[in-house]
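These are my notebook entries on one protein model. I record below what I looked up, entry by entry.

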Amino acid sequence: HDSVVGIGLAAVSLVVAALVLVRLLSVLLAILQFHGFILREDDGRLSVERGLLARSRSSARRRRIQAWSLREGVLHRWFHRRSLRVDTAAGQRGAQEQHTLKDIAPIATPGHCDALIQHFLPEAGWGALDWQPLHRGAWLRIAMPGLLFALLATGALWWNFGGIGLLGLLLVPLQLWRAHRIAAACGYADNGKLVAWRSGWLSKRWNFAEFDKVQALRLSQSPIDRRLGMASLLLDTAGASPFGAPLHLHHLPLAAAQALSARLGAQLARRRLQW
(Lines give C-alpha, C1' and ligand atoms only; values in the text may rest on other atoms or scores of the structure.)
Protein backbone atom coordinates (compact mmCIF):
# COMPACT_ATOMS: atom_id res chain seq x y z
CA HIS A 1 0.00 0.00 0.00
CA ASP A 2 2.88 2.37 0.82
CA SER A 3 4.35 1.78 -2.64
CA VAL A 4 0.99 2.52 -4.25
CA VAL A 5 0.68 5.78 -2.30
CA GLY A 6 4.23 6.74 -3.24
CA ILE A 7 3.58 6.09 -6.93
CA GLY A 8 0.38 8.11 -6.72
CA LEU A 9 2.12 11.09 -5.09
CA ALA A 10 4.90 10.95 -7.68
CA ALA A 11 2.35 10.91 -10.50
CA VAL A 12 0.51 13.89 -8.99
CA SER A 13 3.78 15.79 -8.66
CA LEU A 14 4.64 15.15 -12.30
CA VAL A 15 1.20 16.30 -13.44
CA VAL A 16 1.44 19.51 -11.38
CA ALA A 17 4.94 20.22 -12.71
CA ALA A 18 3.77 19.65 -16.27
CA LEU A 19 0.80 21.99 -15.80
CA VAL A 20 3.03 24.72 -14.36
CA LEU A 21 5.47 24.33 -17.25
CA VAL A 22 2.68 24.53 -19.83
CA ARG A 23 1.32 27.66 -18.16
CA LEU A 24 4.74 29.32 -18.14
CA LEU A 25 5.25 28.49 -21.81
CA SER A 26 1.83 29.94 -22.67
CA VAL A 27 2.71 33.16 -20.84
CA LEU A 28 6.01 33.40 -22.74
CA LEU A 29 4.24 32.77 -26.05
CA ALA A 30 1.67 35.46 -25.25
CA ILE A 31 4.46 37.97 -24.55
CA LEU A 32 6.11 37.16 -27.89
CA GLN A 33 2.82 37.38 -29.79
CA PHE A 34 1.25 40.49 -28.25
CA HIS A 35 4.20 42.70 -27.33
CA GLY A 36 3.56 46.23 -28.57
CA PHE A 37 -0.09 45.48 -29.38
CA ILE A 38 -1.80 48.40 -31.18
CA LEU A 39 -5.47 48.56 -32.19
CA ARG A 40 -6.52 51.27 -34.64
CA GLU A 41 -9.80 52.25 -36.28
CA ASP A 42 -9.75 54.31 -39.44
CA ASP A 43 -12.76 54.98 -41.65
CA GLY A 44 -14.61 51.82 -40.65
CA ARG A 45 -11.54 49.54 -40.82
CA LEU A 46 -9.91 47.96 -37.77
CA SER A 47 -6.22 47.15 -37.85
CA VAL A 48 -3.95 45.41 -35.35
CA GLU A 49 -0.16 45.39 -35.12
CA ARG A 50 1.67 43.14 -32.67
CA GLY A 51 4.72 40.95 -32.02
CA LEU A 52 8.13 41.12 -30.35
CA LEU A 53 10.47 39.06 -32.54
CA ALA A 54 8.38 39.53 -35.69
CA ARG A 55 5.73 42.20 -36.20
CA SER A 56 2.46 41.05 -37.73
CA ARG A 57 -0.37 43.16 -39.09
CA SER A 58 -4.00 42.26 -39.71
CA SER A 59 -7.08 44.27 -40.54
CA ALA A 60 -10.74 43.95 -41.48
CA ARG A 61 -13.71 46.14 -42.21
CA ARG A 62 -15.78 46.70 -39.11
CA ARG A 63 -18.91 45.37 -40.83
CA ARG A 64 -17.15 42.04 -41.46
CA ILE A 65 -17.06 41.19 -37.77
CA GLN A 66 -19.47 38.28 -37.37
CA ALA A 67 -19.12 37.00 -33.79
CA TRP A 68 -17.47 37.96 -30.52
CA SER A 69 -15.76 35.99 -27.77
CA LEU A 70 -14.96 37.39 -24.31
CA ARG A 71 -12.78 35.19 -22.10
CA GLU A 72 -11.81 35.33 -18.44
CA GLY A 73 -9.45 32.57 -17.31
CA VAL A 74 -8.23 31.86 -13.80
CA LEU A 75 -5.09 33.99 -14.25
CA HIS A 76 -7.24 36.72 -15.82
CA ARG A 77 -9.39 36.89 -12.69
CA TRP A 78 -6.36 37.03 -10.40
CA PHE A 79 -5.19 40.15 -12.21
CA HIS A 80 -8.69 41.52 -12.99
CA ARG A 81 -8.32 41.09 -16.74
CA ARG A 82 -10.20 39.67 -19.75
CA SER A 83 -9.52 39.08 -23.43
CA LEU A 84 -11.76 39.98 -26.38
CA ARG A 85 -11.65 38.26 -29.78
CA VAL A 86 -13.72 38.37 -32.96
CA ASP A 87 -14.50 36.14 -35.94
CA THR A 88 -14.47 37.94 -39.27
CA ALA A 89 -15.90 36.99 -42.65
CA ALA A 90 -12.58 37.49 -44.40
CA GLY A 91 -12.92 34.48 -46.66
CA GLN A 92 -9.50 33.14 -45.71
CA ARG A 93 -8.64 29.68 -44.47
CA GLY A 94 -5.67 27.44 -44.03
CA ALA A 95 -2.29 29.16 -44.09
CA GLN A 96 -3.85 32.57 -44.66
CA GLU A 97 -6.12 32.38 -41.61
CA GLN A 98 -3.37 33.59 -39.29
CA HIS A 99 -3.45 36.99 -41.02
CA THR A 100 -7.14 37.64 -40.35
CA LEU A 101 -8.21 39.98 -37.58
CA LYS A 102 -8.92 38.10 -34.37
CA ASP A 103 -7.69 39.80 -31.20
CA ILE A 104 -9.33 43.11 -30.33
CA ALA A 105 -8.03 43.21 -26.76
CA PRO A 106 -5.68 40.30 -25.87
CA ILE A 107 -5.58 41.45 -22.25
CA ALA A 108 -7.57 44.33 -20.76
CA THR A 109 -9.70 45.24 -17.76
CA PRO A 110 -13.36 44.10 -17.77
CA GLY A 111 -14.41 47.74 -18.01
CA HIS A 112 -12.21 48.32 -21.05
CA CYS A 113 -13.60 45.22 -22.78
CA ASP A 114 -17.18 46.31 -22.07
CA ALA A 115 -16.37 49.77 -23.40
CA LEU A 116 -15.02 48.27 -26.64
CA ILE A 117 -18.15 46.14 -27.06
CA GLN A 118 -20.33 49.19 -26.42
CA HIS A 119 -18.32 51.17 -28.98
CA PHE A 120 -18.57 48.56 -31.73
CA LEU A 121 -22.12 47.40 -30.86
CA PRO A 122 -23.74 50.56 -29.49
CA GLU A 123 -27.34 49.40 -30.00
CA ALA A 124 -26.97 45.71 -29.10
CA GLY A 125 -27.66 46.14 -25.38
CA TRP A 126 -24.72 44.04 -24.21
CA GLY A 127 -24.68 45.50 -20.70
CA ALA A 128 -28.42 44.95 -20.13
CA LEU A 129 -28.84 41.33 -21.24
CA ASP A 130 -31.33 39.24 -19.28
CA TRP A 131 -29.45 35.99 -18.71
CA GLN A 132 -31.59 32.86 -18.51
CA PRO A 133 -30.63 29.63 -16.67
CA LEU A 134 -30.24 26.22 -18.25
CA HIS A 135 -32.65 23.32 -17.89
CA ARG A 136 -33.01 22.26 -14.25
CA GLY A 137 -31.48 18.88 -15.10
CA ALA A 138 -28.50 20.32 -16.99
CA TRP A 139 -26.15 19.50 -14.11
CA LEU A 140 -26.88 15.78 -14.54
CA ARG A 141 -26.22 15.95 -18.27
CA ILE A 142 -22.92 17.76 -17.62
CA ALA A 143 -21.91 15.26 -14.92
CA MET A 144 -22.43 12.11 -17.01
CA PRO A 145 -19.02 11.97 -18.79
CA GLY A 146 -17.17 12.60 -15.51
CA LEU A 147 -19.24 10.04 -13.64
CA LEU A 148 -18.59 7.42 -16.31
CA PHE A 149 -14.85 8.11 -16.12
CA ALA A 150 -14.89 7.90 -12.31
CA LEU A 151 -16.69 4.57 -12.32
CA LEU A 152 -14.42 3.08 -14.99
CA ALA A 153 -11.29 4.34 -13.19
CA THR A 154 -12.55 2.92 -9.88
CA GLY A 155 -13.23 -0.44 -11.49
CA ALA A 156 -9.73 -0.53 -13.00
CA LEU A 157 -8.11 0.43 -9.67
CA TRP A 158 -10.14 -2.14 -7.75
CA TRP A 159 -9.20 -4.85 -10.25
CA ASN A 160 -5.50 -4.10 -9.94
CA PHE A 161 -5.10 -3.00 -6.30
CA GLY A 162 -8.07 -4.45 -4.43
CA GLY A 163 -10.16 -2.60 -1.88
CA ILE A 164 -7.96 0.50 -1.85
CA GLY A 165 -9.04 1.11 -5.44
CA LEU A 166 -12.54 1.90 -4.18
CA LEU A 167 -11.15 5.25 -3.07
CA GLY A 168 -11.77 6.25 -6.67
CA LEU A 169 -15.45 6.54 -5.72
CA LEU A 170 -14.51 9.79 -4.01
CA LEU A 171 -14.49 11.27 -7.51
CA VAL A 172 -18.27 10.80 -7.76
CA PRO A 173 -19.34 13.57 -5.33
CA LEU A 174 -16.57 15.75 -6.72
CA GLN A 175 -17.95 15.35 -10.25
CA LEU A 176 -21.50 16.07 -9.08
CA TRP A 177 -20.37 19.22 -7.26
CA ARG A 178 -18.39 20.36 -10.32
CA ALA A 179 -21.39 19.76 -12.60
CA HIS A 180 -23.64 21.83 -10.33
CA ARG A 181 -21.16 24.71 -10.39
CA ILE A 182 -20.81 24.62 -14.18
CA ALA A 183 -24.57 24.46 -14.74
CA ALA A 184 -25.12 27.41 -12.41
CA ALA A 185 -22.45 29.46 -14.20
CA CYS A 186 -23.84 28.86 -17.71
CA GLY A 187 -26.68 30.80 -19.27
CA TYR A 188 -28.07 32.26 -22.48
CA ALA A 189 -29.60 35.59 -23.48
CA ASP A 190 -31.53 37.00 -26.41
CA ASN A 191 -32.85 40.55 -26.68
CA GLY A 192 -33.90 40.56 -30.34
CA LYS A 193 -30.63 42.19 -31.44
CA LEU A 194 -28.01 40.00 -29.79
CA VAL A 195 -27.87 36.31 -28.90
CA ALA A 196 -25.30 35.28 -26.30
CA TRP A 197 -24.01 32.20 -24.50
CA ARG A 198 -22.18 32.25 -21.16
CA SER A 199 -20.17 29.19 -20.15
CA GLY A 200 -17.44 28.04 -17.81
CA TRP A 201 -16.86 28.06 -14.10
CA LEU A 202 -13.13 28.31 -13.42
CA SER A 203 -12.44 29.70 -16.89
CA LYS A 204 -15.38 31.82 -18.08
CA ARG A 205 -16.36 32.63 -21.65
CA TRP A 206 -19.04 34.74 -23.28
CA ASN A 207 -19.81 34.11 -26.98
CA PHE A 208 -22.27 36.36 -28.76
CA ALA A 209 -23.34 37.60 -32.17
CA GLU A 210 -25.81 40.03 -33.65
CA PHE A 211 -28.97 38.53 -35.10
CA ASP A 212 -28.09 39.96 -38.51
CA LYS A 213 -24.82 38.00 -38.56
CA VAL A 214 -26.31 34.56 -37.86
CA GLN A 215 -26.63 32.67 -41.15
CA ALA A 216 -27.66 29.19 -39.99
CA LEU A 217 -29.02 27.44 -36.92
CA ARG A 218 -29.57 23.85 -35.83
CA LEU A 219 -31.72 22.51 -33.03
CA SER A 220 -30.50 19.14 -31.77
CA GLN A 221 -31.40 16.55 -29.14
CA SER A 222 -29.59 13.42 -28.07
CA PRO A 223 -31.62 10.46 -26.71
CA ILE A 224 -30.69 11.59 -23.18
CA ASP A 225 -31.76 15.16 -23.99
CA ARG A 226 -35.15 13.91 -25.19
CA ARG A 227 -35.57 11.92 -22.00
CA LEU A 228 -34.74 14.94 -19.83
CA GLY A 229 -36.71 17.44 -21.92
CA MET A 230 -33.84 19.63 -23.08
CA ALA A 231 -32.23 20.64 -26.36
CA SER A 232 -29.19 22.45 -27.74
CA LEU A 233 -29.06 25.20 -30.34
CA LEU A 234 -26.02 25.67 -32.60
CA LEU A 235 -25.72 29.04 -34.36
CA ASP A 236 -23.36 29.57 -37.28
CA THR A 237 -21.95 32.84 -38.62
CA ALA A 238 -20.00 33.57 -41.78
CA GLY A 239 -16.71 33.89 -39.93
CA ALA A 240 -17.04 30.90 -37.62
CA SER A 241 -13.75 29.02 -37.27
CA PRO A 242 -13.83 25.21 -36.97
CA PHE A 243 -11.13 25.54 -34.29
CA GLY A 244 -12.76 28.34 -32.32
CA ALA A 245 -15.47 28.36 -29.69
CA PRO A 246 -18.84 28.09 -31.49
CA LEU A 247 -22.00 29.86 -30.45
CA HIS A 248 -23.50 26.68 -29.07
CA LEU A 249 -26.30 26.97 -26.52
CA HIS A 250 -26.29 23.70 -24.57
CA HIS A 251 -28.93 22.07 -22.35
CA LEU A 252 -31.73 24.59 -22.76
CA PRO A 253 -35.31 23.74 -21.76
CA LEU A 254 -36.94 22.26 -24.86
CA ALA A 255 -39.70 24.86 -25.05
CA ALA A 256 -37.20 27.73 -24.69
CA ALA A 257 -34.88 26.26 -27.35
CA GLN A 258 -37.76 25.78 -29.78
CA ALA A 259 -39.06 29.31 -29.17
CA LEU A 260 -35.60 30.85 -29.67
CA SER A 261 -35.04 28.77 -32.82
CA ALA A 262 -38.39 29.86 -34.27
CA ARG A 263 -37.74 33.51 -33.41
CA LEU A 264 -34.26 33.48 -34.91
CA GLY A 265 -35.48 31.65 -38.01
CA ALA A 266 -38.28 34.15 -38.57
CA GLN A 267 -35.95 37.14 -38.18
CA LEU A 268 -33.32 35.59 -40.45
CA ALA A 269 -35.95 35.04 -43.14
CA ARG A 270 -36.93 38.72 -43.05
CA ARG A 271 -33.47 40.25 -42.81
CA ARG A 272 -30.64 40.51 -45.27
CA LEU A 273 -27.43 38.77 -44.20
CA GLN A 274 -24.76 41.33 -43.26
CA TRP A 275 -21.24 40.49 -44.45
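This is a predicted model: local features need pLDDT of at least 70, side-chain atom pairs count only at pLDDT 80 or more; totals for chains, interfaces and linings use all residues.

**Entry 1**

Is Leu166 buried or exposed, or does it fall in between? I found a relative accessibility of 42%, so Leu166 counts as partly exposed, since that class lies between the 20% limit for buried and the 50% limit for exposed. I then located Leu166 in the loop between helix H4 (138–161) and helix H5 (171–185). Leu166 also belongs to a nonpolar surface patch, which it makes together with Leu151, Trp158, Trp159 and Leu169. I noted an area of about 590 Å² for this patch.

**Entry 1: The whole protein**

I next looked up the overall values. The protein has seven helices and twelve strands. Of its 275 residues, 35% count as buried. The protein exposes about 16,100 Å², and carbon and sulfur atoms supply 62% of that area. I also looked up the contacts with a separation of 6 or more: residues 24 or more positions apart account for 54% of them.

**Entry 2: Cysteines**

How many disulfides does the protein have? The count comes to zero. For reference, I wrote down that a disulfide is a covalent bond between the sulfur atoms of two cysteines.

Strand S1 (residues 38–42) pairs with strand S2 (residues 45–50) in the antiparallel sense, over five bridges. In this pairing, Arg40 stands opposite Ser47 in S2. S1 and S2 form a hairpin with two residues between them, and Asp43 in the turn has a positive phi of about 55°.

S2 is also joined to strand S3 (residues 56–61) by six bridges, and these two strands run antiparallel. The bridge partner of Leu46 in S3 is Ala60. S2 and S3 form a hairpin as well, with five residues between them. Gly51 in that turn has a positive phi of about 120°.

**Entry 3: Salt bridges**

I reminded myself that side chains of opposite charge can pair when their charged atoms come close. How many salt bridges does a search of the whole structure find? The search finds nine.

Glu49 forms a salt bridge with Arg40, with the closest N and O atoms 3.8 Å apart. The side chain of Glu49 also meets that of Arg57 in a salt bridge, at 3.3 Å from N to O. Glu49 counts as buried at 16% relative accessibility, whereas Arg40 counts as partly exposed at 44%. Arg57 is exposed, with a relative accessible area of 59%.

I then turned to Arg85 and Asp103, whose side chains meet in a salt bridge of 3.2 Å, N to O. Arg85 lies in strand S5 (residues 82–88) and Asp103 in strand S6 (residues 103–108), so the pair ties together parts that are 18 residues apart in sequence. Arg85 is partly exposed, with a relative accessible area of 37%, while Asp103 counts as buried at 10% relative accessibility.

Finally, I looked up which residues are linked through shared partners. Salt bridges of this kind join Arg40, Glu49, Arg55 and Arg57 into one network.

Notes
Residues are numbered from 1 along each chain as its sequence is written. Side-chain values use heavy atoms; hydrogens and water are left out. Patches are made of residues with over 30% relative accessible area and no salt bridge: like charges are joined within 9 Å, nonpolar side chains (Val, Leu, Ile, Met, Phe, Trp, Tyr) within 5 Å. Accessible areas come from the Shrake-Rupley method with a 1.4 Å probe; for residues, only the protein chains shown count as cover. A salt bridge is a side-chain nitrogen of Lys or Arg within 4 Å of a carboxyl oxygen of Asp or Glu. Helices (H or I, at least four residues) and strands (E, at least two) are DSSP runs, numbered from the N terminus. Buried means under 20% relative accessible area, exposed over 50%, partly exposed in between (1.4 Å probe, protein chains only). Contact means heavy atoms within 4.5 Å. A disulfide is a pair of cysteine sulfur atoms within 2.5 Å. Two strands pair if DSSP finds at least two bridges between them.
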